Amino acid sequence: MSDAQKISFAEVILDSAIDRPLDYQVPDHLQGCVHIGSRVKVPLRRTYKAGTVFSLKETSAFSKVQTIIETLSEQPFISTELFQLARWMSRYYCAPLRKVLKSILPPSIRGKIKYKEQLLIESPLSQDLLAAECEALRQKNPGHASILDIVLKAPKGILLSELLEKADVSRSQIDTLIKKKLLCSRKVQIERSALSDEEYFPTKPKRLNEEQSQALALITDSLTVGRFEAHLLFGVTGSGKTEVYLQAINHALTLNKGVIFLVPEIALTSQTIERLRSRFKEKIAVLHHRLSEGERHDAWHQVHQGKAPIVIGARSAIFSPVPRLGLIIVDEEQESSYKQTEEPPSYHARDVAVMRGKLSSATVVLGSATPSFESYHNALTGKYKLSILKQRADHAQLPEIQIVDMQVEFQKAKAFTLFSEPLINEMKKRLEIGEQTILFLNRRGYHTSQMCPRCSHVIECPHCDVSLTFHLNENILACHLCDYRLSPPPRTCPNCKCDEGLKFKGAGTQMVERALHAILPEVRTLRLDADTTRHKGSHEMLFKQFRSGKADVLIGTQMIAKGLHFPSVTLVGVLNADGNLQIPDFRASEQVFQLITQVSGRSGRGALAGKVIIQTRMPDHPVMTLAADQNYETFFSQEIEIRKLFSYPPFSHLIKLIFSSAEELLSRTMAQRLRETLIGQAPPHCEILPVVPCGHAKVKRQHRFQFLIKAEKFAQLLQTIDSLRQDIFLQQKVRLLIDVDPLSTFF
Ligand code: ADP
Ligand code: ZN
């Protein structure tokens, strides 16, 4: 007997239901076909389940073991290296391996899906009726309500496989809803050509300047040696980081190595994709969540088979099955969208990238104009290799930044005003000479709240503890956490019943647009926020319109802060730079600094000189003055002292435990109970902070409590939490979310 034939048992992690692996016998006819990482179909109770083989062994400790039915793939879908990564993630993020594998393998890959038979699930009811049914079910059958929640968010229908995945429920629950006539299903054909057949003009590598050449040399050295090394490419906006990435990719390809290129948000990255295509043409796969199942399936297999050695994508693209992986690039590594927060594992794609690089002996390049403190700290302490690009490439100059004191402006105007005099004057100048302006405000909608003038009651969402935002165009009040809508807005106060009319407060992007038209009637504007970009392709369309000069001013939320390159934009206005400084979080200053730098970076990227106006009520705040000077180093050295003093990251690790439940008391009690147990069991040198309500204390009717743990070393702590986690799941009514290295300690 050869070695392969001795394998009699496989430990299998099921896709659903059970967190620990189960033993199954490998039948004779499948000997040699079942590997670690293989997808298999196995019996469980009276049904069949799909799962992933976790390990192979000769004996089983159990006497009655069932047999594997069939393999679902010819080759293992998960390489040994990805499997190691999954196990590391499971430990580090304190998440069941089953959930980690779910993040790694897209649903279309996990099962044997025959595309022509895909079922589309929709509702025969109107949105309003369905929403009402959903609310009615919320208490009685939360599982059904959560299915309907997802269907409500997909007015054009959702594929069955996607729904099963998102709701984490069984097919029978959906069938029940179909029987109740709340849902219906039909067969659909899937459109699979993700890659548009657009033509790209081929571009040649640019001649690098001195700083770029040095950075590239460091990276290519690592690549050539083929040893794990992480680099931090710290370059001001427009310094030509992308050009360095492109040439590094080229070098990896000549060594016959694969590449993963991560970007914060794929919808905002059409320009980067274009630049990649124009250099490397057919060898690129784009992986992101807006793809249809079929598109994703095809792209994934192209990558798996080595047909597309370059993958570009958002967060989850870090799990792409790239053979011979040699280079991982994480652009804008400080971006919060790299962190998964809503479901386990709470992974950060940048940190996973570094770990994957280590496991694959690949070179990792993290790029940023405002590195996260963690990464810069790692670079200063020698863990990462640091390259700095101080100059803008292509002889463009960094923009001039002016701080405007809004208190003074309010006095001048004798009222609240959105636009300062200097900003209006600069915009007028741009209008006359045909240059463009970007206005940034971190709030969408028209007014941010509605208040009773007599009793000061603020109208809140019935399901969440936030005020409702007024949207003028639709004449509704909407919740930005759960999408609840109230139409039309009430005229009498629901609290004191007075009918003096409710007062609107605060300004969102819609109001900015209207107010601007009142001041400059001839101005042409475009607005870019979550409201104007609900549909696939809408970002690209808006960007195209702006770039081709169809508008003078682009107004937007943080979506416009990132990575965009519009050569005729010579003015950027930050309307309310203070907004996030008031959030009680140790990262608040860091985040405001990053945002100002990112937004400013959109100005003067072409041949024309740029200007930035920052409107603030705290003109002397160090964040404002240092951001205006673009002085990251000083800002970092001041802030890092505070972090050290209070032992915050990067000098410690934080773990946030969030408890949520429909019952407030239960949620709080479970949090307190787990905290007390932890205090008894936790290793020394960790600080367990008190239980507090989350910044958003209620979301979608769930009451949320949290506590933080601060620890210098945390491997042992994670184990303790992991075993406690298993117990708390006995209490079905409370959900526990473990956020390791949380980006926010408040919300
Ligand atoms: P970043 O990624 O750092 O924001 P980009 O790579 O987008 O910067 O570069 C900004 C602009 O400068 C782009 O138009 C790019 O084509 C150009 N550029 C980059 N490197 C060079 C170079 N070495 N010579 C000339 N132009 C360059
Ligand atoms: Zn809400």
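Colleague: What kind of model is it, and which pLDDT limits apply?

Modeller: This is a predicted model: local features need pLDDT of at least 70, side-chain atom pairs count only at pLDDT 80 or more, and totals for chains, interfaces and linings use all residues. Residues are numbered from 1 along each chain as its sequence is written, chains are lettered from A and ligands numbered from 1 in the order in which they are written, and side-chain values use heavy atoms, with hydrogens and water left out.

Colleague: OK, helix 12. How many residues does it have?

Modeller: Helix 12 has twelve residues, 293-304. Helices here are DSSP runs of H or I with at least four residues, strands are runs of E with at least two, and both are numbered from the N terminus. From first C-alpha to last, helix 12 reaches 16 Å, close to the 16 Å expected at 1.5 Å a residue. That expected span is 1.5 Å times one less than the number of residues.

Colleague: Is helix 12 mostly covered or mostly exposed?

Modeller: Mostly covered: ten of its twelve residues are buried. Buried means under 20% relative accessible area, exposed means over 50%, and partly exposed is in between, with a 1.4 Å probe and protein chains only. Among the buried ones are Trp300, Val303 and His304.

Colleague: What do the buried residues of helix 12 pack against?

Modeller: They pack against helix 4 (107-110), strand 7 (158-159), helix 7 (160-167), strand 11 (284-287) and strand 12 (310-313). Contact means heavy atoms within 4.5 Å. Just after helix 12, Gly306 takes a positive phi of about 80 degrees.

Colleague: What about strand 24, which strands pair with it?

Modeller: Strand 17 (residues 436-440) pairs with strand 24 in the parallel sense over four bridges, and four bridges also join strand 23 (residues 525-528) to strand 24, again parallel. Gly556 is the bridge partner of Phe440 and also of Leu528.

Colleague: Are the faces of strand 24 covered or open?

Modeller: Both faces are covered: Val553 and Ile555 are buried on one side, Leu554 and Gly556 on the other. In a regular strand the side chains alternate between the two faces of the sheet.

Colleague: Now Ile328. Where is it, and is it buried or exposed?

Modeller: Ile328 is in strand 13 (residues 325-330). At 0% relative accessibility, Ile328 counts as buried. Leaving out residues up to four places away in sequence, Ile328 touches several others, including Ile260, Ala353 and Arg356. The C-alpha atoms of Ile328 and Arg356 are separated by 8.8 Å, though the two are 28 residues apart along the chain.

Colleague: Last one: where does Glu335 lie?

Modeller: Glu335 lies in the loop between strand 13 and helix 13 (349-360). Glu335 is buried, with a relative accessible area of 8%.

Definitions and conventions. Pairing = 2+ DSSP bridges.
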